[in-house]
Amino acid sequence: MPEVFLDGRPLSVANGTSVAAALALGADGCSRTSISGQRRAPLCGMGICQECRVMIDGYRRLACQTVCRDGMQVQTLP
Amino acid sequence: MNEITDLLIIGAGPAGMAAALAAAPSGARIVLLDDNPLPGGQIWRDGPQANLPGKARRLRDQLRACANVRCHAGTRVIACATDKTLLVEDAERGWQITYDRLILCTGARELLLPFPGWTLPGVTGAGGLQALIKGGLPVRGERLVIAGSGPLLLASAATAKQHGAQVLRIAEQASRANVLGFATQLPRWPGKFFQSFSLFDHHYRTDTHVLEALGRERLEGVRLQQQGKTIELACDRLACGFGLIPNTQLGQVLGCALEGRALAVDAWQATSRREHYAAGECTGFGGSELALVEGAIAGHAAVGHTAAAQRLWSRRARWQGFAQALNKAFALDARLKTLARADTLVCRCEDVSYGELAGHENWREAKLASRCGMGACQGRVCGAALEHLFGWTTPTPRPPFSPARIGSLLSLEETPPT
């Protein structure tokens with residue numbers, strides 16, 4: 001079971017779990033804050049809407065198209 | 001590292017997989033590219049909570065066994081570098097792929113229409129929720145409302161129930177007469193007929209559509225217009241999708257003509273541009289069976305096996321009939337154009353409201369005045385919504401086609417492949 005870090009907090013997930021799912025398993029499910037200050041969560045689930053973009057190991061990635069790997073550092077965008 | 005291939009296939013859903021498998025016996029060098037972590041597309045998306053059908057597993061195993069098919073997962077097309085050369089990017093690097101022939105299997109996305117509250121966490125697409133659950137999203141014990149249009153609502157509900165969710169309502173905007181008319185035609189496609197029994201749910205209501213998602217910080221309930229009455233349901237998630245629209249952007253950039261909202265193809269699945277083919281949902285919504293046969297035709301045709309392609313025409317015609325019946329039955333009611341209020345956000349990337357857009361003549365004017373469509377999704381969500389709401393046409397996209405790293409763009413300067 002890979003262990004990821006969501007904004008620094010560790011979380012063990014089943015193999016193959018998407019980062020989008022991990023956000024809901026380990027936190028409130030939100031991925032970013034919009035330009036007018038609303039919290040947002042994954043919407044389309046298939047790499048189109050970009051609502052689920054987070055920082056993963058320093059790169060901006062889509063949570064719905066990224067599979068959790070051991071040691072991954074995920075930061076939701078404030 | 002740049003790559004040269006005989007046949008490049010963009011999209012590894014049913015159409016792309018079938019295309020690769022049909023073309024592989026020719027011995028051509030084939031590259032199959034997809035932006036998801038695994039092949040299968042949306043319908044056969046794998047994950048810790050996915051139950052892949054046997055057919056999907058078989059196709060995946062067959063692909064793995066083809067020594068001349070190279071699969072690039074998690075890879076997006078960023079730009080056209082030169083003629084028949086695309087710049088692509090995965091999580092680590094950017095590189096160029098030069099091809100002789102191309103098959104576009106870019107699929108479809110959900111039409112997401114704005115309504116008050118649709119930006120609240122807890123609101124997703126209908127197919128979106130299904131994809132998220134397959135990837136491990138926990139829904140056990142949650143109260144769900146699924147709304148919008150089309151058979152995807154039932155499929156999404158079935159996946160949610162399998163994983164312990166309580167589906168309170170499936171709200172289908174189409175009329176009872178339309179849905180019944182469609183259902184009575186289903187025996188023409190026996191597989192679909194039996195599938196419909198397994199998916200049917202007694203919380204299904206026709207003539208019912210979403211009015212508003214309720215809640216402050218996240219979703220707490222939903223207001224529906226249900227067969228003439230307004231009702232409210234407390235719930236944890238709302239999954240709302242108004243059917244599927246073809247992903248035509250890359251095809252348009254490559255100069256392939258459109259027919260309606262889809263990429264235009266002939267009997268060989270060839271587009272208007274020579275040596276460029278298209279198959280599956282990007283040529284019009286029709287389901288995985290149609291995508292599989294179209295993909296196979298395109299794969300055979302692209303390697304010159306015309307007789308093998310032609311043998312599949314009758315099967316394609318059968319599934320085209322299904323697609324026509326489906327699209328007619330679930331046509332969207334005009335009432336769905338009136339859900340947004342002045343303060344409802346339409347562009348979720350730049351937070352542009354309906355009121356800021358409604359007075360404009362066209363997409364370009366609205367965009368220049370408001371930044372609508374200029375955010376990370378590049379108008380894929382709001383552009384499609386505004387096409388539906390106002391009849392605006394959105395222009396052919398310009399590169400980069402999706403957010404990309406500077407390092408990948410810099411690789412355009414490198415020596416082209418020889």
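Select the hairpin of E1(A) and E2(A), which has two residues between the strands, and look for Asp7(A), where phi is positive, near 50 degrees. Strands here are DSSP runs (E) of at least two residues and helices are DSSP runs (H or I) of at least four residues, numbered from the N terminus. This is a predicted model, in which local features need pLDDT of at least 70 and side-chain atom pairs count only at pLDDT 80 or more, whereas totals for chains, interfaces and linings use all residues. Residues are numbered from 1 along each chain as its sequence is written, and chains are lettered from A and ligands numbered from 1 in the order in which they are written.

Next, colour E1 (residues 3-6) of chain A and E2 (residues 9-12) of chain A, which run antiparallel and are joined by four bridges; two strands count as paired if DSSP finds at least two bridges between them. Phe5(A) stands opposite Pro10(A) in E2(A), and its bridge partner in E7(A) is Gln73(A).

Now move to chain B and select residues 208-214 and 229-234, the edge strands E12 and E14, each of which pairs on one side only. They belong to an open, antiparallel sheet of three strands in the order E12-E13-E14. E13 (residues 221-226) of chain B pairs with E14(B) over six bridges, and Gln226(B) has Lys229(B) as its bridge partner in E14(B).

Then colour chain B by domain, with bounds from an automatic or database assignment: domain 1 (3-109 + 245-326), domain 2 (112-242) and domain 3 (340-390). The centres of domain 1 and domain 2 of chain B, taken over C-alpha atoms, are separated by 29 Å. Their contact (C-beta atoms, placed from the backbone, within 7 Å) takes nine residues from domain 1 and eleven from domain 2.

Finally, select the contact of the two chains, which takes 33 residues from chain B and 35 residues from chain A. On the side of chain B, E7 (108-110) and H3 (126-134) each supply at least two residues, and the largest share, four residues, comes from H3(B).
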